[in-house]
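Let's walk through this structure together, moving from the contact between chains to the inside of one chain and then to a few individual residues. Please keep the model open as you read.

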Amino acid sequence: MLNVKSPVSRILSLAIRVIVLLLWSTTMGFPFHQNDQHIFTYRTDREVDVRIFLAVDKDELPDHYYCDLFTPICLEDLCNPIEIRLEWDLLGNFRNYQEVKGKEITKFDHEPFEEDDHKKLKEILSDKESLLQDYHIEDLVDTTQKVYSAEIDGLTAATSKTFADKLVPGAIYTCYTLWHIINGEIADKILAHTQANMSEALKRKMLLRGSVAYQDFVLDRILPEERKTFQPELFELIDRENPFIAIKSIRHLPDPNKLEPDVWKLIRNFDKYVLPVRSAIIQYFTRYPCNTSALKEWVQVLGTLSEQQKVGVYGIFEKNKSQLDKTTIAGLKAYLERRNDKLDGHDRKLMLILNNL
Amino acid sequence: MNDNRRTFLKTLGLSSGAMILNPFEGTAIPAEKFLNQPAKGLDIYTRRIIQTDIAVIGGGMSGICAALAAARNGAKVVLIQNRSRLGGNASSEIRMHISGSSALRQVWRETGILEEIMLDDAVLNPQNAYPMFDFVMYDKVISEPNITLLLDTALFDAKANGRKVEQIVAFCSPTEEIYEIKAKHFADCTGDGTLAALVGAEYMRGREAESKWNESLAFPEADEKGMGNSLLFMADKFDKPMPFKAPEWARKFQFEDFRHRGVSSFEYGYWWIELGGEYDTISDGHKLHRELLAILFGVWDYIKNSGNHPESENWALTWVGMIQGKRESRRIVGDYIMTQRDVQIPQEYADGVAYGGWSLDDHPPAGMDDTSLKPARQVPLKGPYPIPLRSLYSKDFDNLWMAGRNISVSHVALSSTRVMATCATLGQAVGVAMQHAVARNLTGRGIVNSPKDMQQVRQTLLRQDQSILYVVNQDEADLARKASVTASDQDTGFEASNVIDGVNRDIQDGKSHQWRARVEGGKEPWIQLKWNTPVSINQIEFTFDTGLHRYLRISGQAVVMKNQIRGRQPETVSDFKIEGLLNGKVVYSDFVMNNYYRKYVHKFEVTKVDSVRITVTKTNGDAHARIFEIRCYNERT
């Protein structure tokens, strides 16, 4: 019996594990990287043991999870078993699948999957709210058809389009089996594993190199005391195209006075952002006291503002009027004079404030 | 004085058979009422006693169809509605569109009385004005001589004795009248199941636990939550900027609140302006209404004033709902409680009387109180599913029926059955069943337990254009079934014999169930029914094609109206000649013009014929004459 504490036994044990894994993965025809870690094993309702691995990137940071699956698909084992690598992202969402060369997924009667079928299947597997969650397999397939016809894994002609659009025709068993493996308990365990192993480096990676789901996930977990730490990532996300992520990032920014001069680019690039992001930027500067430098930046972009945005920015000037220096006041007055006969009530009110300073 | 008396009797529907047991109360206003000392307290209200066959409580889509179906089959009906207009959630007061099985994107638009109303609305109200839709419904009801319609009349009390509901008491505020309505059968079409609650019938509220009926869509624990109420608005685009100032009490929203709630069109409010699933949707109604208005104006304030929607500059609110549409409240327990599986997997009930086809569409109770959640999850259905009569009467009473959202279903099943097109067909089913019960002194359970009566109810419904899954025409009285059918022309797959194959619509079984022949270029195709021995008939009934694969419902939402055909549906036969022949001689003929209905009934004096020939001369636009079904009867008058 090996003593698990001895270095030799540890090496031997590791070697055996690697050999077993290599043999196993060779059988399955998938690459296996030494650094990948076995996280847990899950037994499916078909009594198949599924070994879940965590793949890491070159920086040793978690990248995704996967398993190499070999399982029967149909009821009564009528179809060929499926051999496939399934991948999850770090949150337990479906990421992708890889087929084994020569053992590609087929529909019933061994018709090959077309490109559109793969696209549809991936869409279905990614949909955590798929109807597959709430139907029994025997209620999905048309069992009234002959067992050995191509219809065993199909829907009747009378199936509604809204329903049929959510399945790959002729591959309902495949959709069903894979969806339940991907979106069942394994997904929950993966998420729990990631949550338990979050690090600052992983958060940075997920924010900048990940999906919107990753960004949402991390942004929802940034503590107030971490805001300064993630400042570069927050600025980067504000510049990206998803307005929801951009705005969530703005809401996380600490006091602008602590972020100078980087924060000024939000004002300098103001007209490059989409409207909701511009509104959020104005709200951000309204929420905190603004110093003279920030107010000067706002004066520079006054000409690019819509009427509604202008009202918001005037509010910032009014709220921080004690910070307006002579140059800024002169700049503002010059701007108002250029508006000339187009002066509205908000302009006049600001003029009054400036004159009283 | 006489004029007054006549007017009053008409109002009460005495001419339609409802009986006022206290005739002195029913005469014109006695002079002493004004001259003498006025009464005090409750005595100031006039008390009216009405006896009738059937009382329908609630004038939404279910109540309207229940009243019409019962009355058309001969029952005397009193229909009370607590609002001044009919239609409930579909009326101009709430303006929710009538959703149903068209959501399957197949062929399953509901037929029957609802289809008749929808076709009328499409033709009579091509301007899509909601107040005019109200009058389409009003016209249907008021034109039916067997119905006494009491608007602005609210149920507030009921009396039962053992398993029998004996009477309801209702109040009409504008006329200061109290009605005591005694009926043989009562239909609770209140939506809230108020009548059932008043008489102590068992009902359900909240959400049942997953384990109760093994429903995957239910939650692990039962709770008292449900789907909320919605408040709608309408807006128009003007040719100049239309500023908007929100009231102080409007809620404030920002961009993130709309991550799962699109505001890409402005003309018609948003169903997701929803709240109340965590409240009591009945007793918290005032608070909910106030909050929903605060949300509605808050959403519009965001659209107009956030700066994020400059395209809304010329848009302005033109109508704001003052009553919220309810999705869920009480569900009355019948002899059968439908659950998730009944909706997902069609069951062939012997007492199936209607069908549903809306997805399982549950909404999170928080509604607009938690905008981080998606406002709904829709689980699509494979196809339509039958609804049994056992879910449409109370298990506790022999004469208490229900149609609408308050039927006997689980919370999960309700998420599908609750939509108004389904509710309307439930109304028709209950109307026919109640009349059958009145005529034969039966109960709902009695009908279900008698195969012969159940068959009669289902055949009557089918004849009156209610579609029932798995049921075909087996009406012994239909003489057309014994005829042989030929035609001048017929397209392949659309043979003449289809008009007597028992199926009057496309049921997606690969067969057309329709005779079809080209009617273009001067062609006037005919179809003929011939009997070996002459028959006496006085009624020929037609079922035409109205394009049931399309959506046909008034809506304020542009995208919902987009693919509809407002006006006559092109597939429908418009003009046709009807000839009855005996030994080759025409013994009866008539010419029908401007038809746009799916079900058309032609009545005439009893005539002995050995064949009937129908010649189609014009459709409402289609190149083909299309007829699903022809029935011939000798109706006793």
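Between chain B and chain A there are 19 residue pairs in polar contact, counting pairs with both residues at pLDDT 80 or more. That confidence cut-off matters here, as this is a predicted model. Several elements of chain B take part: helix 9 (285–305), helix 10 (340–344) and strand 16 (377–379) each supply at least two residues of the side that touches chain A. Of these, helix 10 of chain B gives the most, with 3 residues.

The charged residues lead us to the salt bridges. Across the interface of chain B and chain A, the rule finds 6 of them.

How much area do the two chains bury? The size of an interface is often given as the accessible area lost when the parts come together. Chain B and chain A bury about 2600 Å² between them, and 48% of that is on carbon and sulfur atoms. The contact takes 28 residues from chain B and 32 residues from chain A.

Now let's turn to chain A by itself. There are 16 helices and 5 strands in chain A, and of its 357 residues, 47% count as buried. Among its contacts between residues at least 6 apart in sequence, 59% join residues at least 24 apart.

Chain A is divided into domain 1 (7–188) and domain 2 (199–355). Where do these two domains meet, and with how many residues? In chain A, 9 residues of domain 1 are in contact with 9 residues of domain 2. The two domains of chain A bury about 690 Å² between them, 64% of it on carbon and sulfur atoms. On the domain 1 side, L61(A), L90(A) and L91(A) lose the most area to domain 2, together 63% of what that side buries.

The side chains of R209(A) and D57(A) meet in a salt bridge at 4.0 Å, N to O. The side of domain 1 of chain A that touches domain 2 divides into 4 nonpolar, 1 polar and 4 charged residues.

Finally, some details of the backbone. Most residues other than glycine have a negative phi, and most peptide bonds are trans. In chain A, the peptide bond from E260(A) to P261(A) is cis, with omega near 0 degrees. P261(A) lies in the loop between helix 10 (243–252) and helix 11 (264–268) of chain A.

Chain B has two places to look at for phi. N128(B), in the loop between helix 5 and helix 6 (130–142) of chain B, has a positive phi of about 55 degrees although it is not a glycine. H513(B) also has a positive phi, near 55 degrees, and is found in the loop between strand 19 (484–487) and strand 20 (515–518) of chain B. Are these residues buried or partly exposed? N128(B) counts as partly exposed, at 26% relative accessibility, while H513(B) is buried, with a relative accessible area of 4%.

Key. Residues numbered from 1 in each chain as written. Chains lettered and ligands numbered in written order. Predicted model: local features only at pLDDT ≥ 70, side-chain atom pairs only at ≥ 80, totals over all residues. Heavy atoms only, no water. Domains from an automatic or database assignment. Contact = heavy atoms within 4.5 Å. Buried area = accessible area lost by both parts, 1.4 Å probe. Nonpolar A, V, L, I, M, F, W, Y, C, P; charged D, E, K, R; others polar. Polar contact = N/O pair within 3.5 Å; in protein donor to acceptor, adjacent residues only side chain to side chain. Helix = DSSP H or I, 4+ residues; strand = E, 2+ residues; numbered from the N terminus. Buried < 20%, exposed > 50% of the residue type's maximum accessible area, 1.4 Å probe, protein only.
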